[in-house]
Amino acid sequence: MSAVRTDAIRRSVDVTLPPARAFALFTERASTWWPLATHSVAGAAAENAIFEPRVGGRVYERTRDGSEHDWGEITVWEPPVRFAVSWTVDPACAGTEVEVRFTGTESGTHVELEHRGWREAAPELIERYGGGWEQVLGTF
């Protein structure tokens, strides 16, 4: 049995939208802000990022030619507060989970992302994903 690492990637961003709108933007309109050209399986050929809005729903990308690449499966779906996804886009991330929380603030919403459950992952991989999540949230 592999030991689960206790270190998790944590990133956050503040947006000037109320929580319900921030949640909807993140999940329903991910294609409008997610940097698909650099943070997807298909790169420049990726056209859409899709969240199926339910526990058990897929998170995936669709390319211009209609091909689909799974990113994960939704394990928690509590709009507009949080969702979680088993992250399977990269075999090196098997067994990890990404959770995103939306907390209202005076000026909008604080969005917190945690990528956890790393099993025997190389520190370089965790560092690479940490930088990647920072870039993704930076476009949100």
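How many aromatic pairs does a search of the whole structure find? The exercises below answer this and further questions. The model is predicted, with local features requiring pLDDT of at least 70 and side-chain atom pairs pLDDT 80 or more, while totals for chains, interfaces and linings use all residues. Residues are numbered from 1 along each chain as its sequence is written, and side-chain values use heavy atoms, without hydrogens and water.

**Exercise 1. Aromatic rings**

Task: Count the aromatic pairs and classify the pair formed by tryptophan 33 and tryptophan 34.

Solution:
- Step 1. Rings of Phe, Tyr and Trp (its six-membered ring) pair if their centres lie within 6.5 Å; planes under 30 degrees apart are stacked, over 60 edge-to-face, and the rest tilted.
- Step 2. The search of the whole structure gives 18 aromatic pairs. For tryptophan 33 and tryptophan 34, the ring centres are 5.4 Å apart and the planes lie at 50°, so this pair is tilted.
- Step 3. Tryptophan 33 is buried at 9% relative accessibility, and tryptophan 34 is buried at 7%. Here buried means under 20% relative accessible area, exposed over 50%, and partly exposed in between (1.4 Å probe, protein chains only).
- Step 4. Ring pairs join a cluster whose members include Trp33, Trp34, Trp87 and Trp133.

**Exercise 2. Histidine 115**

Task: Locate histidine 115 and determine whether this residue is buried or exposed.

Solution:
- Step 1. Histidine 115 belongs to strand E7, residues 108–116. Helices (H or I, at least four residues) and strands (E, at least two) are DSSP runs, numbered from the N terminus.
- Step 2. With 0% relative accessibility, histidine 115 counts as buried.
- Step 3. Apart from neighbours within four places in sequence, the contacts of histidine 115 include Ala8, Cys93, Trp87 and Trp133. Contact means heavy atoms within 4.5 Å.

**Exercise 3. Salt bridges**

Task: State how many salt bridges the structure holds, and examine three of them.

Solution:
- Step 1. Side chains of opposite charge can pair when their charged atoms come close. A salt bridge places a side-chain nitrogen of Lys or Arg within 4 Å of a carboxyl oxygen of Asp or Glu. The structure holds 13 of these.
- Step 2. Arginine 11 and glutamate 134 form one, at 3.4 Å from N to O. Arginine 11 lies in strand E1 (residues 9–15) and glutamate 134 in helix H2 (residues 123–139), so the pair ties together parts that are 123 residues apart in sequence. Arginine 11 is partly exposed at 27%, and glutamate 134 is partly exposed at 48%.
- Step 3. Arginine 128 pairs with aspartate 90, their closest N and O atoms being 3.5 Å apart. Arginine 128 is in helix H2, and aspartate 90 is in the loop between strand E5 (82–87) and strand E6 (96–105), 38 residues apart. Aspartate 90 is buried, at 17%.
- Step 4. Glutamate 99 meets arginine 101 at 3.0 Å, N to O. Glutamate 99 is buried at 7%, whereas arginine 101 is partly exposed at 36%. Both residues belong to a network of salt bridges with shared partners, whose members also include Arg10 and Glu114.
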